[in-house]
Amino acid sequence: MAGDEGQGVRVEDEDGIRILEIDRPPVNALGHGLRAALAAAVAAAAASPGVRALVIAAAGRSFPAGADIREFGRPPQPPLLTEVLCAIESFPRPVVAALHGTALGGGLELALAAHYRVALATTRLGFPEVTLGILPGAGGTQRTPRITGAAAALRLMRTGQPVGAAEAEALGLLDLVVPAPGPGESPTAAARRAGTAFARGILAEGLGPRPTRERREGFADPAAYAEAVRAARADPPPAHLPAAGRITDCVEAALLLPFEAGLALERAGSEDLVATEAAQGLRHAFLSERRAAHVPGIEGVAPRTLEVLGVVGGGLMGAGIAAALLSAGLGVVLLERDGEALDRGLARVAEIKERAVARGRLTEAARAAEWSRLIGTTDMEALAGVDLAIEAVFEDFDLKARVFRDLDRIMRPGAVIATNTSYLDVDALAAATGRPADILGLHFFSPAHVMRLLEVVVGRATAPAVAATGFALARRLGKVAVRAGVTDGFIGNRILATWRTAMDFLVEDGASPYAVDAALRDFGFSLGPYAVADLAGLEIAWARRQRLASARDPSHRTVAIADRLCERGWFGQKTGRGWYRHDQGRRGAEDPEVLALIAEERARKGILPRAVDPAEIVARALAAMVNEGARILAEGIALRPSDIDVVMVHGYGYPRWRGGPMRTADHGGLLALRRNLLAWAADEPELWTPAPLILDLVKNGRDFASLDAG
Ligand code: CAA
Ligand code: NAI
C-alpha cells in the first residue's frame with residue numbers, strides 16, 4: 001500500500017535477543033510495505049553478529065491476521081511473503097514467534113517459518129484462505145503437515161476453521177502456551193515477554209535453529225498420511241470452489257516432493273486460484289462486509305448503552321430476536337398482547353434454545369443463565385426501564401403507530417425505539433412519537449437468531465448516536481449491519497419485491513414456481529424465492545400489495561397468483577401450505593393444486609404458457625435485482641453497491657462466492673445487462689426500463705465497483 005514503505009517493524013535489543021515488533025494497525029496484515037520492512041529487519045539482524053536470537057512479535061490486537069486481502073488480484077509486489085518467510089526460516093540463529101490475538105493465514109505461515117512458537121492461551125490460529133477461495137500461499141501447505149501430519153493439516157486448511165492455542169499445542173504447532181495476562185499487562189506485552197523468555201531458555205540450553213522444512217514428525221506414518229489425503233479426495237468440494245482440492249494436492253506433495261518443489265506447486269495453485277471467479281467473489285464479500293460498517297456521519301459517534309432490551313410481539317420474528325439478544329448476553333423483556341400469545345412467544349424462544357442445546361451449541365447451564373435474563377409480560381409498563389425496544393407486531397401501520405405512541409409514553413427519555421417492519425414507513429412511525437430522533441428501523445431477517453444480516457434503517461430524524469447504537473447492537477449480536485434509507489422495503493425487500501415481480505411474470509408466462517426455485521438454487525442460492533416466501537409468510541407481502549393497490553397504475557401488469565394462495569389462507573410454512581405443501585411430513589413438497597391454480601390464472605388472462613429455460617430465469621432474476629439496486633443507489637437508499645451485495649448475500653441467500661448481484665453484474669459486464677433490459681423493456685417497460693445509473697455507468701465505461709469507494 002502506498003505510504004507504508006519500510007514502516008511497520010520496530011526493532012529492539014535485549015541481552016543479545018533482537019525483538020522485531022510488527023506494528024501495522026488494525027490487524028498487522030502483511031502488505032508489501034510490511035513485507036519489505038520485515039525482510040530488511042531480518043537481513044539486518046542476520047548481519048549483526050551480536051544478535052544471538054530473534055523474536056518476532058506484534059503490537060496491537062493481534063499477530064498478523066494474514067496477507068493484505070486488498071492486494072489480492074493486483075500484480076504481486078516484491079518481496080513475496082513466501083520469500084520473506086524462507087529468509088526467516090534460514091536465519092542462522094534461533095527464531096521465536098510470539099503470538100497473541102488471531103494468527104491467521106499468512107500470519108500463521110509467518111509463525112511456522114520461525115523455529116519455535118509461543119502463544120498466549122487466548123490466541124486463535126487458523127488458515128481461513130479457503131473461505132477466500134485460495135490456499136495458504138506462503139509455505140503453509142508444506143510446513144504444516146511436516147509438523148501435524150496430513151489429517152490435521154487438511155482439516156485446518158480445508159475447513160478454514162481456526163483452533164485455540166491448546167489444540168494448536170496438541171497438534172505440535174506451538175511449543176509453549178502461556179496464560180493470558182491479567183488487567184495489568186497488555187496481551188502484546190505478555191506475548192513479547194513470553195517470547196523473549198523462551199528465546200533466553202533456548203540460548204541457555206544451547207539449542208539452535210529448527211527449520212520447519214527439515215521436520216519430519218508429520219511424516220512418521222506415511223500410510224496414515226496417504227489415507228488422510230485419500231479421504232479428503234473422496235469428499236470433493238463443488239466444482240466452482242476449487243481451493244480445497246488444490247490444498248489437498250499440495251498437502252499430498254509435501255510428503256512426496258522436495259520442499260522447494262512443494263513450494264512451487266503451492267505457488268502455482270495460489271496464482272490459479274486467486275484469479276478464479278470464486279476467489280474474486282469471496283474477496284469482494286469479505287471486503288464489502290467490512291466496508292458496510294463505515295457509515296459517513298456516524299463513525300466515531302458513541303452509541304447508547306445497551307443492557308436490557310424490550311421486544312414487542314413474540315411471533316416468528318420477535319421470538320427469534322429475543323433468542324438472539326439472549327445469546328449476546330443482553331437482558332430481554334418480551335411483551336405480548338395477552339397471556340396465551342405470551343405463552344406461545346415464550347415457547348418459541350424455549351424451542352430455539354432447546355434446539356441449540358440438542359445440537360451442542362448451548363450448554364444446559366448457559367441456557368439456564370439466558371433464561372434468567374428473560375422476562376415475559378403482557379404489561380407494557382414493564383418496558384419503562386429498557387434501553388431499546390424492538391417492535392415486531394403484525395405488519396399493520398395503525399397497530400405499529402399505536403404501539404410506538406405507547407412506547408414513547410412509557411419508555412424513559414433517551415431510550416431508543418426500533419421497528420422490525422418489513423416495508424412500512426419508519427419516518428411516519430417516528431412522527432407518531434414525540435422523540436423522532438430516537439427512532440430507527442432494525443430490520444432483522446427470518447430466522448432472526450440465525451440470519452446474520454441487520455438492515456439499520458436510518459430515518460430523516462434519526463440521531464447519529466441512535467444509528468450508531470443500531471450498528472453497535474449488530475456487532476454485539478455478531479451480525480453484519482448495513483445502513484438503509486427509508487423506502488418501501490428498504491434495500492433488501494424492495495429488491496426482492498421487484499425480483500419477485502419478474503419471477504411472477506415468468507410463472508404466469510409458463511415457468512413453474514418450482515422451476516424458478518430450482519434454477520436459482522442451481523445458480524447458487526440456498527433457497528429459491530418461492531421457498532423463501534413460504535418461510536417468511538405470504539401474508540406480509542399480501543398486506544403490502546393491498547396497501548399499494550390504490551396507487552398502482554392500472555395499465556401495469558399484475559400477477560394475482562400469490563393473492564389466490566393468500567385468499568385460501570395458504571400463508572406458507574406457518575399454515576402448512578403456501579407455494580409448497582408443508583403439511584404432509586415432507587419438507588416443501590410441490591403442490592399440484594398450486595399448479596392448477598396457476599393454470600387457471602393463465603387461462604383467465606388468456607396467456608398461452610411458453611417454455612422458459614433456466615438461463616432465462618437466472619438472467620431475468622439478476623437483471624431485476626441489479627436494475628432495482630441501481631435505482632436504490634441513485635435515491636441514496638443504499639450507500640454503495642457493495643452494501644447491496646452484503647444485503648443480498650446475508651439476507652436472501654445470494655451465493656457468497658459470486659460476491660453479490662452488483663458484483664455479478666460487473667463480472668458479466670454492464671453492457672450485456674443494458675442489452676437485456678432494453679430488449680425486455682419493449683414488452684414490460686414498468687419493470688425493465690434501465691435505471692439511468694446503469695446507462696450512465698455504461699456510457700462512461702465504469703462499473704458498480706467504481707462506486708464502492710465512497
Ligand atoms: N487484510 C486486509 N485488511 C484486513 C485483513 C486482511 N487480511 N483482516 C482484517 N482486515 C481489516 C478489516 O478490513 C477491517 O478494516 P477497517 O477497520 O478499515 O474496516 C479491520 O481489519 C478489522 O477487521 P474486522 O472488522 O474483521 O475485525 P474483527 O476483530 O471482527 O476480526 C479478524 C478480526 C478475525 C482478523 C478478521 O478481520 C479476519 O478474519 N480477517 C481475515 C483473516 C484472513 O482471512 N486471513 C487470511 C488472509 S489470506 C492469506 O493470508 C493468504 C496467504 O497465504 C498469504
Ligand atoms: P407474527 O404474526 O408471527 O407475530 C406477530 C406477533 O405480534 C404475534 O405473536 C402477535 O400476538 C403480536 N402482537 C400483535 N399485536 C401486539 C401488541 N399490540 N402488543 C404485543 N404483541 C402484539 O409476525 P412476524 O412474522 O413475526 O412479523 C412481525 C413483524 O416483523 C412484521 O412487521 C413483519 O413485517 C416483520 N418482519 C417479518 C419477517 C418475516 O420473515 N416474517 C422478516 C422481517 C421482518
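## Domains

The protein is divided into domain 1 (4-275), domain 2 (308-486) and domain 3 (493-636 + 669-709); such bounds come from an automatic or database domain assignment. Taken over C-alpha atoms, the centres of domain 1 and domain 3 are separated by 48 Å.

## Model and confidence

This is a predicted model, in which local features need pLDDT of at least 70 and side-chain atom pairs count only at pLDDT 80 or more, while totals for chains, interfaces and linings use all residues; side-chain values use heavy atoms, with hydrogens and water left out. Residues are numbered from 1 along each chain as its sequence is written, and chains are lettered from A and ligands numbered from 1 in the order in which they are written.

The average pLDDT (the predictor's confidence in each residue, from 0 to 100) is 96, and 99% of the residues score at least 70. Over residues 1-6 the pLDDT stays under 50, and the model has 12 contacts (heavy atoms within 4.5 Å) beyond four places in sequence for them.

## A three-stranded sheet

An open sheet of 3 strands has the order E5-E7-E8, with mixed pairing; two strands pair if DSSP finds at least two bridges between them. Strand E5 (102-104) and strand E8 (163-164) each have a single partner strand and stand at the edges, so one side of each lacks a neighbour in the sheet.

E5 and strand E7 (residues 124-126) run parallel and are joined by 3 bridges. Leu-104 has Gly-126 in E7 as its bridge partner. Helix H3 (residues 106-113) packs on the sheet and touches E5 and E7, its direction making about 85° with that of E5.

## Helix H25 and its neighbours

Axes are lines fitted to C-alpha atoms, for helices over the stretch in contact, and angles run from 0 to 180 degrees between N-to-C directions. Helix H18 (residues 492-509) and helix H25 (residues 641-652) have axes that come within 10 Å and cross at roughly 75°. That makes H18 roughly perpendicular to H25 (65 to 115 degrees). The residues in H18 that meet H25 include Trp-499, and those on the H25 side include Tyr-652.

H25 also packs with helix H26 (residues 661-668), at an angle of about 120° and with the axes 7 Å apart. Here Pro-641, Ile-644, Asp-645 and Met-648 of H25 meet Pro-661, Met-662 and Arg-663 of H26.

Methods
Helices (H or I, at least four residues) and strands (E, at least two) are DSSP runs, numbered from the N terminus. Angles under 35 degrees count as roughly parallel, over 145 as roughly antiparallel, 65 to 115 as roughly perpendicular and the rest as oblique.
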